[in-house]
Every structure is written in C-alpha cells, then in structure tokens.
Amino acid sequence: MKTLLGNLKLAFFLAFKSMFKGNKWALGLIIVVMAFSFVNLIFTSSVISGVMATMDNQMINTVFSNVIISPREDKYYIERADEVEAKIRQISGVTETCSHLNSSGFIEYGWKEKGLPWDRVKSGNWNILGIDPAQEAKVTTIGHNMIDGQYLDETDTNSIVLGVEVAGGEKAQTSGFLTLGGVNVGDKVRVTYPNGIQREYTVKGIFRAREMMQADHLAFVTNREMVSVLGRPQFFNRASEILVRAENNGIEDSLAGELRSTGLDLEIRSWREYGGAYRSVISTFEIIGTIIGGTGLIVAAIVMFIVIYINVISKKRQIGILRAIGIPQNTVLGSYLIQALSYALLGIILGWFIIRLVLQPYFIFNPIDFPFGFLSLNIESSRIIGSAIALTAASVLAGLIPSWAVMRESIIKTLWGV
Amino acid sequence: MISVKNLIKNYGHGHSAVQALKGIDLKIAAGEFVAIMGRSGSGKSTLLRILGLLDMPTGGEVKIDGVDALKLAEKERARFRLEKLGYVFQEHSLISELNVLENVYLPAVADLANINYRKRAKEILDMVGLKDRIRHYPSEISGGEQQRVAIARALVNQPRTLFADEPTASLDMESSQIVLDLFRKLNRDLGQTIVMVTHEPEDRQYVDRVIWMKDGRIDNG
C-alpha cells in the first residue's frame, strides 16, 4: 500500500512537472484541441437535440397540446364537452383544456374573378377549427403568433383567422399554387362547408405558428360560428377533440394513463402518438445525431491519440532515463496516464466554459430562424456527462497505448534507439 | 564487488549476427575506480550497460554484491538499479522540466526508504559544488554542471556502484577535469566503486585500474 501510494505520488509529481514546467504553448494547444473536441461533441448533438426539442415544443404548443382527447372510433363528436373539460381539469397535473369543433372547408379567395367553377386557382380544402379564443389562448400559442391583423374574439361570427400556409404570400413556405395566393388582412374569403353551407368571412388575422406541417395549414373561426354552420342545437356543446395542457412537458404518458383511469369513454392519447411523420423525422435526426456523436468521439479520440503520441514520442529518451535510473515502469506509465487524464479534464472544463459562457448565450440571444421555430442549443446534462466520460476514457486509452508501446521497448532502445 | 563470467552478447540472428562480447571474465572489487577503455566497437559500452543492468546479455553471469543480477525479474532489476546502482550518462540525461534539486532527489522519492530525500539531495549537491544552483533548470546551467547534477542524482540513494558511460565526452577540458576530480574524490573519500567507460587516454591518471577491450574481449596484454 505504501509502495503504491509512493509510486502514485511520484507519478503525479512527474506528470504535473512535465505538464506545467514544459512548453507552455504546447500545453495550451493540447488543452485547446481537447476543449474544441469536447465542444464539437456537445455542439453538434445539441443542435440536433435543439431541432428535436423545437419540433416537439412547436407540436405541443400549436397543434396537439400534451394530451388529445377524441371520440371513440364509432362516434364523431364528444358530447357535453364542457362537463368533460370540467372533469379533466380536476385531474392533478392538468393546467388547462380547450375544445375544438372541427370541419373541413373549401376556401376561396378572389372567387369573383374566377373563370370556370373548377378553376382552383386561389382556393383549396383546409381544416377549419371552431375554437373558444380565450380558452384556446391558454392551451396553444397560435394567438401569440399573429404576423398580421388580430386573433379572434369570442363574439366574432364573420371573421376567420388563417394560417400563413393557407393565406400564402411571401412568408409562406408552401408553393403559391397550393395556397390562397397571398390573402391580406381585411380581404374576404368564401368558405363552403361539407353540408353545403357557404359563408363569407373577413380575414381578421394571419398567424405563423412555425409549425409548417400542420398548424400553419389551419384556419380558425369561433366555436359559436362553427356551431351555427353545423347546426344548432345538435352541435351545441359538442367537440371534435379536447386538448389538455399538462403542468410540464414529458409527463404526457402518465397523465394520459391517469385520465384513462377516470373512466371517460373517450380516446385519450399522448401527443407523441399523433406525431406520425414527425416521429420518423425525429427518429431520423436521432440516428443522425448518434452517428455524428460517435464520429465526433472517434475524431476526438484520434486527435487525443495523436497529441499524446507525439508527446510520448518526443519524450522517449526521457522515459528511457527514468527507467534507467530505476523509476518503476508503472510509475512512468502512470505519469503519462495522469497527463492524458489531465489534458482531457482541463480540455473538458475549458470546453464546458466555452459552451456555457459563449455558445449557449450566443444562441439564446441569436436563435437560428428555422421554418419550424427558433432554434437554440438543447444542451442536456446527461449528454455533457456522457461526452465527458467518453472523452476521458478515450484520452486515457489514447495515452495508454503509446506509453505502453514505449514502455515495452528495451531501455537501450528507448535511450539510444538501437 | 562485481564478478563477471563468460559474458556473451550477440546482436541479430543467424548469418547477420554480430558478437559484441565474446566471453568476458572480470572482477571489480568494492571501492575500486575502474576505467574501461578501447576503440569504438570494442564492446566497452555494451559491457557497461550489461553491468549496469540496462541490457541483458546473450549468455554468462553477472554477480553484483553476491546477487545473480541477470536472474532478477524486470521489476526486481529496476528496484536493484534504483537502490544499488548509480548511472551517469554521456550527456542530456537530466529531466528538463525538473530543477537541479528535483532532478537529484527524483530517485530518492522512488526509493521510499529515503524519507529525508530533500536534505540528502542538498548535501550531495553541496558535495558536487552546486549548492547555489539548486533552483536552476538544466537549460540554465553549463554542460559540466549538468554532468555534476547527473552524478549527484546517481549518488542520492547511496549506491554501492556508480557506472559512468563516457561522462566527459561532451565536455570541455576544464569541465572534464572537474567531473573526473569529483569521481576521484568520491572514490577516495567515500570508497565509492566507480566503473567508467572513457575514450580519453589522460583519464587513466584518475583511475585505479584500466580494463582494455578489443573486439569484444578483455585485452590487458
């Protein structure tokens, strides 16, 4: 035990003397290389994770909320929606609910200028949601994403709010011929519902929820308007779906389970079950992230191997001298492992500061404007810890191999190369 | 006391094999100051490296203070080198990141029995005349001073035998003289056994005995 501690003490002494009394520039360079290897490992995966987190949040905030309640398969509507909502709000973990009365609708813009009835220019079929604007604002963020005009009021009956991908124009991502071609606030659009009822609405606002796959392809009217279109009294207090907002994202599955246990005769699903194509996009991103992360780790390990290899090779004669004067082989080996470990740890600490004090604040203040939202880095603690452990292990291995190779050579060869 | 019997060292195998030592027999008594001399390629450095346990022979026997040194395992040989032998190389043998004092006490730190290693290192540095240089780094002192530091390092664990491989080869006349005077002093005052390989004929005046080598054999005739 005494020998082990003594050898360890000597290994630390040699390692730190070699690091801090050696070439300062070389030490700085090694640590900077390590730091950026670590940053590279975290940064790339954090961008991908940020993409996934942004997409998830956008879907939750604009389309699905956390839990979606819909009628059983053999039914079209949820009856006595207000009673169901009241019951749901009693459940712990639920913060708010809102109901939608949905219909499809054929929306036309500039129909008076159209030539033939089948001329589909500036028209198309979209989903139209009948909402309670005040309640909707507590559950989704559509109302906060108006790029022109205003959101609906509860009393509006002749107004419609359009998603930017319905309205079209310069801010839309969808090709012009698949939109209404550039509707402006104040313009009139005509909606033909499946039951044949035709209404003219004034466009009150246009929103861009940055959820271009679904939310931005929706149109909103008030629930009162939708009930009147579909027909009172059958549709009064009915809902096509109820969105449930949870206290925190991530508890959807347990919350859905709790809601099911209340005995509601309804379909209760977490938003993830509706993800569909999104989930496959996200899982693709996850695969890409894993590949990039793995590649980054290999690159970092190779960089460290080269750096430590050069360090060991340049001190080959010194290793020979230490062995010749009787310093135990394990002590010399230990000193190089301690150096490798120290390079890795100092690099990780510097890298962590670069991430936390430079990159993260930069992306918070300058988020990337992606079509599906503003993208920031999503730096997960588990990823930092995992990367730090992986990088440390890689550096120790990278330090061990060349040191061990030199240590296996005879003292004569190490000293004189013969 | 060093006793060598029928020491053979071959480099390479088969037809390309070179016989560097061709059956050496010799004895060096405790307290002797011996020089091994001979032309380049005579095998003197090979012999010194084997005696210093830095290299293994192809055959033969080396006993140092009664210990059959060649039968020791690698770890035991390292321990033996640390505790019983001192080694002074030709040049550049100091650790550049350690100052003079640290270079000297390094083997003493590894030898856990030597708990007063700082004190001991300072005493030896005083003895070799480098008391005022203990905080200097190798790059800050002359070649002669570096060799004296190397001698101090070799002595810190109070070894029975000191091996020196052409210790003055890279030094100027004055520095060489200082180093050799120091060896002589150590030998006379402390009874230190010293085995030194040298090329310089004038070094003979410092030693008790010269072992001449020629073509891998001892040639004292």
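This is a predicted model: local features need pLDDT of at least 70, side-chain atom pairs count only at pLDDT 80 or more; totals for chains, interfaces and linings use all residues.
View 1. Residues are numbered from 1 along each chain as its sequence is written, and chains are lettered from A and ligands numbered from 1 in the order in which they are written.

**View 2. Helices H2 and H10 of chain A.** Helix H2 (residues 24-64) and helix H10 (residues 329-365) of chain A pack with their axes 7 Å apart, at an angle of about 55°; helices (H or I, at least four residues) and strands (E, at least two) are DSSP runs, numbered from the N terminus. Axes are lines fitted to C-alpha atoms, for helices over the stretch in contact, and angles run from 0 to 180 degrees between N-to-C directions. That angle makes H2(A) oblique to H10(A), where angles under 35 degrees count as roughly parallel, over 145 as roughly antiparallel, 65 to 115 as roughly perpendicular and the rest as oblique. The crossing of H2(A) and H10(A) is right-handed (a crossing is left-handed if the near helix is turned anticlockwise from the far one by less than a right angle, and right-handed if clockwise). Among the residues that meet here are A:Ile30, A:Met34, A:Phe38 and A:Phe43 in H2(A), and A:Tyr343, A:Gly347, A:Gly351 and A:Leu359 in H10(A). By class, the contact of H2(A) with H10(A) has 17 nonpolar, three polar and no charged residues; Ala, Val, Leu, Ile, Met, Phe, Trp, Tyr, Cys and Pro count as nonpolar, Asp, Glu, Lys and Arg as charged, and the others, Gly among them, as polar.

**View 3. Strand E7 of chain A and its partners.** Strand E7 (residues 198-207) of chain A pairs in the antiparallel sense with strand E4 (residues 146-149) of chain A over three bridges, and A:Gly149 stands opposite A:Gly205 in E7(A); two strands pair if DSSP finds at least two bridges between them. With strand E5 (residues 159-163) of chain A, E7(A) pairs in the parallel sense over five bridges, and here A:Leu162 stands opposite A:Ile206. Strand E6 (residues 188-192) of chain A runs antiparallel to E7(A) and is joined to E7(A) by five bridges, with A:Tyr201 as the bridge partner of A:Val189. E6(A) and E7(A) form a hairpin with five residues between them, and A:Gly196 in the turn has a positive phi of about 95°.

**View 4. The sheet of four strands in chain B.** This open sheet has the order E2-E1-E4-E5 (chain B), with antiparallel pairing. Its edge strands, each of which pairs on one side only, are strand E2 (18-28) and strand E5 (67-68) of chain B. Strand E1 (residues 2-11) and strand E4 (residues 59-64) of chain B run antiparallel and are joined by five bridges, and B:Val4 stands opposite B:Val62 in E4(B).

**View 5. The sheet of six strands in chain B.** The strands of this open sheet follow the order E6-E7-E8-E3-E9-E10 (chain B), and the pairing is mixed. Strand E6 (85-88) and strand E10 (217-218) of chain B are the edge strands, each pairing on one side only. Five bridges join strand E7 (residues 161-165) to strand E8 (residues 193-197) of chain B, which run parallel, and B:Ile194 in E8(B) is the bridge partner of B:Leu162. Helix H5 (residues 143-155) of chain B packs on the sheet and touches E6 and E7 of chain B, its direction making about 170° with that of E6(B).

**View 6. Where chain B touches chain A.** On the two sides, 17 residues of chain B are in contact with 21 residues of chain A, contact requiring that the C-beta atoms of two residues, placed from the backbone, lie within 7 Å. Helix H2 (74-84) and helix H3 (100-110) of chain B each supply at least two residues of the side of chain B that touches chain A, and the largest share of that side, four residues, comes from H2(B).
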